Amino acid sequence: MSKKTKKTTRDDLADALAISLNKQFKGYKVAYFLDGSEETPADLTDWISTGSAMLDLAISNRKHGGIPVGRITELTGLEASGKSLLAGHILANTQKKGGLAVFIDTENACNEDFLSAIGVDVANLLYIQLDTVEDIFEVIENITSKVRESDKERLVTIVVDSVAAATTRVEQEADYSKDGWATSKAIVLSKAMRKITQLMGRQKVTLVFTNQLRVKLGAMFGDPYTTSGGKALGFHASCRLRLQAAGQIKAKIDGKDQVIGIKTKAKIIKNRMGPPLRVAEFEIYFDSGVDDFGGWLTALKNNKLISQGGSWYTYTDANGKAHKFLSKDWNAMMEGNNELRDEVYNKICDAAIMEYKTDNLGIDDIELSTEAIPE
């Protein structure tokens with residue numbers, strides 16, 4: 001995706017102010033112009049796939065997107081909705097791009113076999129087990145500092161699973177009796193997020209938190225759920241996803257119906273990279289993770305890009321050729337035909353990507369930069 005640059009004359013006063021401010025803060029640059037002439041900490045330089053191309057598209061509003069590098073993402077949901085699994089796919093795709101994957105576990109619930117099944121290189125996964133919120137953020141800051149001392153450009157993703165299971169030092173030292181309002185976690189998180197958000201952006205480190213939903217007491221209208229740890233994480237996150245189990249996937253095994261996966265619906269509650277409140281649907285299998293191509297088929301049906309007669313589907317390609325298939329043959333068809341796969345993906349993208357209006361800029365004032373965000 002090319003960056004759009006406005007052909008405008010630089011305001012002399014603004015230019016002088018920028019130079020003055022950058023001299024004032026000698027340690028690092030603080031003043032920029034958003035005309036594409038220079039890279040800023042706010043620029044999105046890369047994306048990491050969630051394992052579902054449809055969810056990637058819904059978050060980033062662009063082809064081959066995902067969660068943004070250098071930003072904070074929060075994955076929320078009730079138990080068994082797929083939060084940890086999605087975080088595992090993000091770690092796996094970080095490693096596939098040559099990056100460093102860090103897994104901070106507060107739940108004592110790491111399953112090496114399952115992580116391997118969804119593509120994580122567990123031999124090179126940095127696994128850290130911590131108890132308190134304070135320790136988590138100290139480790140995040142330490143990792144960021146050490147990595148950037150040796151490599152300024154390497155992709156780094158840190159997953160914290162989960163905020164809900166983390167305690168605080170004050171709470172850890174107390175007994176198990178009720179001791180008033182449990183606000184220590186919210187206070188610590190609020191302070192930590194103020195310190196860490198800009199650091200993640202400047203150092204291009206991706207931070208992913210999983211968090212459990214809690215029922216709001218006395219809520220009769222509106223959203224009945226909230227998250228653990230107060231409001232700070234939600235305010236500072238650039239992207240918040242809410243996962244919901246939407247059904248079970250069953251199969252006959254040894255003559256008996258057994259649950260082999262779940263259908264998942266992901267809603268984008270907050271999004272600073274694209275339109276919010278979009279929904280992506282995909283299936284998760286317990287032995288292999290996200291069924292990406294299955295999500296494509298759902299998107300084709302939802303956008304009426306495919307016809308269905310009984311259990312048979314028909315997709316007509318750009319050359320007018322009709323491809324007739326059963327749902328069980330869909331994945332093999334996509335894997336075995338690169339040209340058809342690319343065409344289907346592009347057609348889904350054309351239907352899903354929202355184009356922003358640029359009338360206020362003036363058509364003559366816009367040029368496409370030669371530098372493109374990596375696909």
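Modeller: Two strands pair if DSSP finds at least two bridges between them; strands are DSSP runs of E, at least two residues long, numbered from the N terminus. This is a predicted model, where local features need pLDDT of at least 70, side-chain atom pairs need 80 or more, and totals for chains, interfaces and linings use all residues. Residues are numbered from 1 along each chain as its sequence is written, and side-chain values use heavy atoms, without hydrogens or water.

Colleague: Thanks! What pLDDT does the protein chain average?

Modeller: pLDDT is the predictor's confidence in each residue, from 0 to 100. Here 93% of the residues score at least 70, and the chain average is 91.

Colleague: Is Thr227 buried or exposed?

Modeller: Look for Thr227 in strand 9, residues 225-227. With a 1.4 Å probe and protein chains only, under 20% relative accessible area is buried and over 50% exposed. Because its value is 13%, Thr227 is buried.

Colleague: Which side chain does the Thr227 side chain join in a polar contact of 3.4 Å?

Modeller: Such a contact is a pair of N or O atoms within 3.5 Å, one able to donate a hydrogen and the other to accept it; residues adjacent in sequence count only if both atoms are side-chain atoms. At 3.4 Å, the partner of Thr227 is Arg240.

Note on methods:
Helix = DSSP H or I, 4+ residues; strand = E, 2+ residues; numbered from the N terminus.
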